[in-house]
Each structure stands twice: as structure tokens, then as C-alpha cells.
Amino acid sequence: ADFLKGAKIAYESIVTNFSSGELKQIKTLLDKKVLNEFNEAINDRKNKGLTSNTTFIGISSADIKNYSQINNMFEVTVDFVSEIISSIKDKEKKVISGNPDKIKKVYDTWKFQKDVTTNNPNWLLIDTQV
């Protein structure tokens, strides 16, 4: 239960910070591969002059789908269902995807990993489409 509480907090934090293009706050929650992917996506958005707006309404459910331990590595896959208002606007402030007035259900499957040999209490997000 504690893991899921932490995973929900991480999920909301990652979704909202990724949207606003602020990765500083969430660097400690992402592994290098995911951090690089997020950085690329944010830079791509900037280069195209796009703005992303996300309002996080809440998480409807978070369930552990898969759990494994390989040597010192714990891996947990979590299914999230959340409610989010999101839209992406172009330079002219025209909405090109999403809808700024509509709450939509979002289904995400994320994989977290933790090295039990380190003192780091954080689980790292290692995959966002499983």
C-alpha cells in the first residue's frame, strides 16, 4: 500500500512537470533513458513553439499489475487510471490536440525499478509504455 501511495505521488508529479517542461523537480524519479526521452520530447515541443497544458484532476485507480525481483533489482509495473484535462496549443494558441474544457480518462502502464542495495528510497520510472 505504501508503494502505491508513493507511486501515485510520483505519477502526478511526473505528469504535471513533464507537461510544464520542468524536469528539475522530477529528475530523481526518472532513470536516464526516460529522462532523455522526456527531454527530447520537451525540446521538440519548444522547437515547434507548442505549449502543453495539463490540469491533473486525480487518480481513479492504481493497481500493481506485475512484480518481480531480479538479483538486487525490484521491478513493479503499475496500471494507472487518471482523470486529466490536457491540451497542446500551437504558436497561434490554437488547440492542436486534446481539449482544454474536457476531463478525459487516461490509462497508463508504468514500470518502476528500485535497487535494494542503494540508500536511495526512490523508485525510478524506467518505462512508460509496457
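Predicted model: local features only at pLDDT ≥ 70, side-chain atom pairs only at ≥ 80, totals over all residues.

Colleague: Okay, the pocket then: what volume does the largest pocket have?

Modeller: The volume of the largest pocket comes to about 500 Å³, and the elements that each give two or more residues to its lining are α1 (2-20), α2 (32-47), β1, β2, β3 and β4 (104-115).

Colleague: Which of those gives the largest share of the lining?

Modeller: That is α1, which supplies 5 residues.

Colleague: And how many residues line the pocket, and which lie nearest its centre?

Modeller: The lining of the largest pocket is made up of 24 residues, and those nearest the centre are Val15, Phe18, Val106, Asp108 and Trp110.

Colleague: How does the lining divide into nonpolar, polar and charged?

Modeller: There are 10 nonpolar residues and 10 polar ones, with 4 charged residues making up the rest of the lining.

Colleague: Is Asn71 buried or exposed, and why?

Modeller: Asn71 counts as exposed because its relative accessibility is 66%, and the cut-off for exposed is over 50%.

Colleague: Where is Lys93, and what is its phi?

Modeller: Lys93 belongs to the loop between β2 and β3 (95-98), and its phi is positive too, near 65°, in a residue other than glycine. With 59% relative accessibility, Lys93 therefore counts as exposed.

Terms used:
Residues numbered from 1 in each chain as written. Heavy atoms only, no water. Buried < 20%, exposed > 50% of the residue type's maximum accessible area, 1.4 Å probe, protein only. Helix = DSSP H or I, 4+ residues; strand = E, 2+ residues; numbered from the N terminus. 1 Å grid on protein atoms, 1.4 Å probe; cavity = no way out; pocket = protein on both sides within 12 Å on 5 of 7 lines; lining within 4 Å. Points joined across faces, edges and corners; volume = space filled by probe spheres on them. Nonpolar A, V, L, I, M, F, W, Y, C, P; charged D, E, K, R; others polar.
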